[in-house]
Structure formats: structure tokens, C-alpha cells
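Here's a quick briefing to read alongside the model. Have a look at the fold first, then come back for the details.

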Amino acid sequence: MKSAKEIVGGAAIKQALNYARKDPDKNLIKLVELAEKLDKGHVNQKTYDNLRVSLQNPDDNWNRFFHRLLTELDPGVQDHVAQSLGVNAAIKAFPQRMASIEKYGCNIPWAILMDPTAACNLHCTGCWAAEYGKNCSLPYDVMERIIAEGEELGDYVYLFSGGEPLCRKDDLIRLCESHPECVFLSFTNGTLVDEAFAKEMKRVGNFALAFSIEGWEEETDMRRGKGTYQKVLHAMDLLRAEGVPFGFSCCYHSKNTEVIGSDEWVNFLIDKGCLFGWYFTYIPCGKDAVPELLATPEQRRFMYDRVRYFRKTKPAFLLDFWNDGEYVQGCVAGGRNYLHINANGDVEPCAFIHYSNVNIKDCSLLEALQSPLFLQYKQHQPFNCNHLRPCPMLDNPEMIQKMVHASGAHSTDMLKPEAVDELVAKTRPAAEKWQPVADRLWEESETKKDVGPSKLYPKDGGRDA
């Protein structure tokens with residue numbers, strides 16, 4: 001049950017949004033001021049300060065982005081997202097998580113990624129998800145319990161991957177209804193979105209989609225099958241018509257990096273209505289992976305530069321899961337900011353780290369976070385003081401090898417289990433090639449200049465300096 005303070009706060013948010021919708025140029029700043037008042041611990045003070053500057057400039061891309069939120073989203077959806085994401089996830093979660101970390105001595109995630117099913121209506125080239133087997137799914141009551149336990153610890157963000165999560169879209173809508181204080185996002189190939197589902201997303205108000213797309217029609221259909229690209233564009237049109245938030249999710253690899261890093265492509269997706277975008281680099285997970293798809297160091301450097309350029313010029317929220325390590329102080333996995341639960345229930349540190357000690361069907365979320373592999377993550381993070389080399393598998397493969405052996409974790413791939421030594425043999429060459437490029441970038445990084453290693457990690461613990 002909500003407290004009286006939370007009820008009053010919710011009413012104030014709706015009122016501020018109403019003012020902002022009537023006159024964005026004048027009243028958007030009132031939303032910033034309200035968020036600052038609600039943020040008693042000043043967790044996001046730097047964000048508020050930056051937004052004040054941005055909102056004074058009509059040409060600033062962040063000003064344009066917030067105008068898009070007010071004009072393109074359904075008002076009811078705006079109210080839901082402002083509360084669940086803007087207040088609960090961005091402000092309320094922090095003190096809860098810090099208290100839980102202090103109490104339980106383990107990492108507590110900001111977001112939980114889970115696979116409702118391993119089933120998928122596509123079979124994309126190089127996709128690791130298909131390796132889990134087609135008959136696995138998380139029971140609804142297990143997903144419900146994960147979210148309830150997560151809320152108690154201070155987690156209000158829940159993501160779905162797969163397989164194709166929308167194979168269970170009715171269950172996902174039920175979860176959104178059951179947990180209105182949380183915000184939900186599903187990665188999807190987009191082919192199962194129809195008008196009825198778009199209307200359901202609008203009704204619940206706290207659900208967004210990230211469409212997997214690999215570039216233009218040629219690049220997308222190369223990995224995902226003929227006709228997929230056009231189905232994705234149609235799904236975007238359906239959600240935009242209902243005022244529901246959506247964005248894109250793309251894996252950059254050796255065959256498409258220059259395309260998805262182009263102004264033309266990003267401008268096209270923003271014009272289609274995408275409000276955000278996630279960039280991932282290809283990881284050769286599973287024995288049937290295609291190492292040839294790994295991006296070269298030059299391509300990864302290209303994406304580093306392009307995403308930072310986009311943030312200054314495009315009215316959309318864009319992030320790069322690997323190259324943004326400098327902003328989150330290294331690896332976010334292992335429960336530090338997020339974890340992954342596969343369709344079989346295995347609790348993994350990351351969607352790309354297919355090793356585990358525990359299954360969520362047999363333990364609580366807290367017990368999973370206190371399991372040996374997750375405690376290994378907590379002990380060793382950050383894996384490198386160069387935060388442009390954050391990953392224990394792609395950038396510091398000796399670390400995932402060390403942690404899996406130390407914890408006794410097993411491979412969670414049910415069809416073709418892969419020993420960690422085999423995995424490391426595939427990723428070590430890429431790590432060695434990226435290191436000199438990343439080290440040069442880190443030396444030039446404004447983040448390193450602003451927050452030196454001595455402030456972030458006064459005791460290095462034997463990791464790379």
C-alpha cells in the first residue's frame with residue numbers, strides 16, 4: 001500500500017506533467033524542480049544541473065528529447081513512466097538498494113533481465129539465445145515472485161529477453177498490471193506486435209519495447225530472415241499511433257558497424273518514433289557462435305565516437321552497453337547494476353555469461369545474489385581500472401576464467417555446454433587487440449580526468465592500473 005507521502009508525490013507529478021504539456025517551453029523546468037525536491041539524497045544532482053542548462057536552449061538535443069516525450073507519448077503513459085521510471089527507479093531505488101547492500105553484504109541490482117521463454121519464431125545467425133533449447137520457459141508465478149522480491153530490495157526495473165519474449169505477451173501484460181510501481185521493457189524481434197497488443201501496452205502504461213534491428217533491410221534480413229525488417233517498421237508504426245514508448249536495439253558486428261553508426265540510419269529511426277537505442281557488440285557465446293562477426297578494434301572505436309556524437313546531436317537517449325563503461329565505473333553485471341535469469345531459471349551474472357551456481361526455481365533472489373559466482377563478481381569488480389575495458393569475458397578474459405573456476409559455476413547451455421576455458425580461447429584474441437586502442441582512449445577520457453583511479457579505487461586489489 002502506498003504511503004500518504006507517495007500519494008501526494010504522485011499527484012504532484014501528474015500536476016507538473018499537465019503544466020508541462022500545456023506549455024513545454026515554460027514548464028518543463030518545473031518537472032526538474034519537482035524531481036530535485038523528491039530526491040532528498042541528491043542522487044542525481046548533476047543531472048538536474050545539466051538539464052537546467054539544456055532546457056534554456058531550444059536547440060539543445062536534450063531539450064528537444066523532452067519535448068518529444070511530451071508530444072509523442074500518450075498522457076496516461078507519461079504519468080506511469082514519470083512515476084515508475086522517473087521517481088521509483090531513478091530516485092526511490094537508490095537508498096533502498098544501498099540499505100540492502102549494507103544489510104546483506106552482496107550486490108543488489110538496479111535492473112533484472114529475465115527470459116520468459118527460450119522459444120522464438122526466428123533463428124538469427126549467431127544468436128546465443130537459441131542455444132538454451134526451445135522448450136524452456138519461466139513459470140508465471142516464478143516471474144511474479146522475482147519481481148516482488150526485487151521490489152523489496154529496491155529494484156523497480158525489469159527487462160525481458162529470450163527467445164522471443166512476446167511469445168508470452170499476455171503474461172507480460174499481467175506482470176505490468178500486477179506491479180504498477182515498476183517499469184518494464186522487452187527486447188523483441190517485433191514480428192508478433194499487432195494493434196491489439198499496442199493498445200494493451202497503452203492501457204498498462206509502464207511497458208516499452210526495444211526492437212532488434214541490424215541496419216537497413218539488407219543487414220537486418222541477413223541475420224533475422226527475409227521480411228523481418230518490414231515487420232519491425234510496421235510494429236513501430238502501431239506503437240507510435242498509440243503513444244507507447246519504443247526504441248531500437250542493435251548488435252554491431254563486423255558486417256554492419258558502419259551502417260548502424262551512420263547519421264542517416266539513426267535519423268531514420270528517430271523519425272520513425274524511436275525514443276531510445278541500445279547498442280551491443282557481438283559476443284561469440286555458445287559453441288555455434290561465429291567469431292568472424294566480432295567487431296574489430298577500429299569498429300569498436302568508431303562506435304565509441306559515434307554514440308558520443310549522437311548524444312550531442314540527436315533527440316534520443318542512446319547508450320552503448322560496452323563502450324559506456326566509463327560512465328558506470330566498469331562492468332555492471334553480477335548484480336552490481338543488473339543480472340540475467342534464463343528461461344530455465346539459471347541465475348547468471350550477465351546475459352552473455354552463461355555460467356551459474358543457482359536456479360531461481362530453487363532459491364530466492366537474495367540467495368542467488370549471495371551465491372559463489374555473484375560474490376566473486378562483487379569481490380573483483382571493477383575488472384580493470386580502464387573502464388573502456390570493463391568486461392570480464394570480452395576485455396579481461398582471465399577474470400571470467402578465474403571466477404568460474406573459483407566459484408565452481410557450471411555452464412548453463414543445455415544443448416552444448418561450453419567450458420569456460422573454451423570460451424576464453426575465443427575472446428582472448430579480441431581482448432588483446434582492443435587493449436592498446438582502449439588504453440589510448442582512456443588516457444584521453446574526460447571521465448578519467450574528472451574522476452581519477454585513486455578516487456574510484458584507492459585500493460586496486462591487483463587489477464590492471
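Let's start at Q329, which counts as partly exposed because its relative accessibility is 35%; buried means under 20% relative accessible area, exposed means over 50%, and partly exposed is in between, using a 1.4 Å probe and protein chains only. This is a predicted model, so local features need pLDDT of at least 70 and side-chain atom pairs count only at pLDDT 80 or more, while totals for chains, interfaces and linings use all residues. Residues are numbered from 1 along each chain as its sequence is written, and side-chain values use heavy atoms, with hydrogens and water left out.

- Q329 sits in the loop between β7 (317–320) and β8 (338–341), and its phi is near 60 degrees, a positive value in a residue other than glycine.
- H42 isn't a glycine either, yet it has a positive phi of about 55 degrees; look for H42 in the loop between α2 (24–38) and α3 (45–54).
- There's a cis peptide bond from G162 to G163, with omega near 15 degrees, and G163 belongs to the loop between β2 (157–160) and α7.
- Another cis bond runs from Q381 to P382, with omega near -5 degrees; P382 is in the loop between α15 (372–380) and α16 (397–407).
- Why flag these? Most residues other than glycine have a negative phi, and most peptide bonds are trans.

**Overall build**

- The protein has 19 helices and 11 strands; these are DSSP runs numbered from the N terminus, with helices being H or I of at least four residues and strands being E of at least two.
- For 465 residues, a compact globule would have a radius of gyration near 23 Å, and the protein's 21 Å agrees with that; the radius is taken over C-alpha atoms, and the globule rule is 2.2 Å times the number of residues to the power 0.38.
- The C-alpha trace spans about 60 × 50 × 45 Å along its principal axes.
- Of the 465 residues, 59% count as buried.
- Among contacts (heavy atoms within 4.5 Å) with a separation of 6 or more, 73% come from residues 24 or more positions apart.

- S84 lies in helix α5 (residues 75–104) and is buried because its relative accessible area is 0%.
- A polar atom of the S84 side chain lies 2.9 Å from the backbone oxygen of H80.
- Leaving out residues up to four places away in sequence, S84 touches A89, P180, E181, C182, V183 and N206.
- E181 lies in the loop between α7 (169–178) and β3 (183–188), and counts as buried because its relative accessible area is 18%.
- E181 and D79 are 102 residues apart along the chain, and their C-alpha atoms are separated by 11 Å.

**Around V424**

- V424 has its place in helix α17 (residues 420–444) and is buried, with a relative accessible area of 1%.
- P397 is 27 residues from V424 in sequence and 5.6 Å away in space, C-alpha to C-alpha.
- With residues up to four places away in sequence not counted, V424 touches P397, I400 and Q401.

Note on methods
Polar contact = N/O pair within 3.5 Å; in protein donor to acceptor, adjacent residues only side chain to side chain.
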